[in-house]
Amino acid sequence: MAALRVIGIDPGLTRCGVGVVDVARNRSATLVHVGVVRSDPGEPIERRLATIAAGIRAVIDLHGPTVMAVERVFSQNNRHSVMGTAQASGIALLIAGERGLAATTHTPTEVKAAVTGYGAADKRQVQAMVARILRLDEMPQPADAADALALALCHAWRGGAAQAPAGGTLTPAQRAWADAERLARR
């Protein structure tokens, strides 16, 4: 089976993280693309959303992912921030529908657990593990970009598209995730 190409979207109105990874059956992953689509807070909302949409479409056109993972919007104290995140999330999901990509949302806790083995990991821990998993020399910056990659990895691993090889080795985070999946199926 060929590698699964996943685009991860960390939705945000000012900074929308976009990451693309290839994940093999043995759960090894390779960086394809990482970046952030930025919109100007001084622009009208419709232009900001159009900017985000154009950026996501450009990455899809350039790299051809087969599935999309988007961070699930959760409640925060700052309603303005949640609204922008929800709008950017909706744009990403709409584009997935337009392009015929299967799309799934994952909570921040799911993503952290998948990548670090700990659902309450901080941003720096996520960045460090993403860099380690993808064998990068430096941590992806800003955190939105690392989060997008973490979303893509979580989706590939959680979706079962990448199973552990016979006799192969998993990272500690991958082992913890596989153990958690086995326990959940009982």
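How many nonpolar, polar and charged residues does the lining of the largest pocket have? By class, there are 13 nonpolar, seven polar and nine charged residues in that lining. Here Ala, Val, Leu, Ile, Met, Phe, Trp, Tyr, Cys and Pro count as nonpolar, Asp, Glu, Lys and Arg as charged, and the others, Gly among them, as polar.

The model is predicted, so local features need pLDDT of at least 70 and side-chain atom pairs count only at pLDDT 80 or more, while totals for chains, interfaces and linings use all residues. Residues are numbered from 1 along each chain as its sequence is written, and side-chain values use heavy atoms, with hydrogens and water left out.

The chain holds six helices and five strands. Helices (H or I, at least four residues) and strands (E, at least two) are DSSP runs, numbered from the N terminus. Read from the N terminus, the order of elements is β-β-β-α-β-α-β-α-α-α-α. Of the 186 residues in the chain, 46% are buried; buried means under 20% relative accessible area, exposed over 50%, and partly exposed in between (1.4 Å probe, protein chains only). The chain exposes about 9200 Å², and carbon and sulfur atoms supply 52% of that area. Accessible areas come from the Shrake-Rupley method with a 1.4 Å probe, and for residues only the protein chains shown count as cover. Contact means heavy atoms within 4.5 Å. Among contacts between residues at least 6 apart in sequence, 62% join residues at least 24 apart.

The largest pocket contains about 600 Å³ of space. Its lining numbers 29 residues, and the closest to the pocket centre are Asp10, Pro11, Glu71, Thr85 and Asp144. Two or more lining residues come from each of helix H2 (79-99), helix H3 (108-116), helix H4 (123-133) and helix H5 (143-158). The search runs on a 1 Å grid over the protein atoms alone: a pocket is an open set of points with protein on both sides within 12 Å along at least five of seven lines, whereas a cavity is a set where a 1.4 Å probe fits but cannot get out. Lining residues have an atom within 4 Å of a point. Grid points are joined across faces, edges and corners, and a volume is the space filled by probe spheres set on the points.

Helix H3 is largely enclosed by the rest of the structure, because seven of its nine residues are buried. These are Pro108, Glu110, Val111, Ala113, Ala114, Val115 and Thr116. Alanine 114, in helix H3, is buried with a relative accessible area of 0%. The C-alpha atoms of alanine 114 and cysteine 154 are 5.4 Å apart, although 40 residues separate the two along the chain. Just after H3, glycine 117 takes a positive phi of about 85 degrees.

Cysteine 154 is itself buried, at a relative accessible area of 0%, and cysteine 16 is also buried, at 0%. A disulfide is a covalent bond between the sulfur atoms of two cysteines. It is identified here as a pair of cysteine sulfur atoms within 2.5 Å, and by this rule the count is zero.

Aspartate 147 belongs to helix H5 and counts as buried at 9% relative accessibility. Leaving aside residues up to four places away in sequence, aspartate 147 touches Asp10, Lys123 and Val126.

Valine 67 lies in strand S4 (residues 67-71) and is buried, at 12% relative accessibility. Beyond residues up to four places away in sequence, valine 67 touches Leu4, Arg5, Val6, Ile7, Leu101, Ala102 and His155. The C-alpha atoms of valine 67 and valine 20 are separated by 9.9 Å, with the two residues 47 apart along the chain.

Some backbone details lie in loops. Arginine 27, in the loop between strand S2 (15-23) and strand S3 (29-38), has a positive phi of about 75 degrees although it is not a glycine. Arginine 27 counts as buried at 3% relative accessibility. In the loop between H4 and H5 sits arginine 135, a residue other than glycine whose phi has a positive value near 55 degrees. Arginine 135 is exposed, with a relative accessible area of 55%. Proline 142 lies in the loop between H4 and H5, and a cis peptide bond with omega of about -10 degrees joins glutamine 141 and proline 142.
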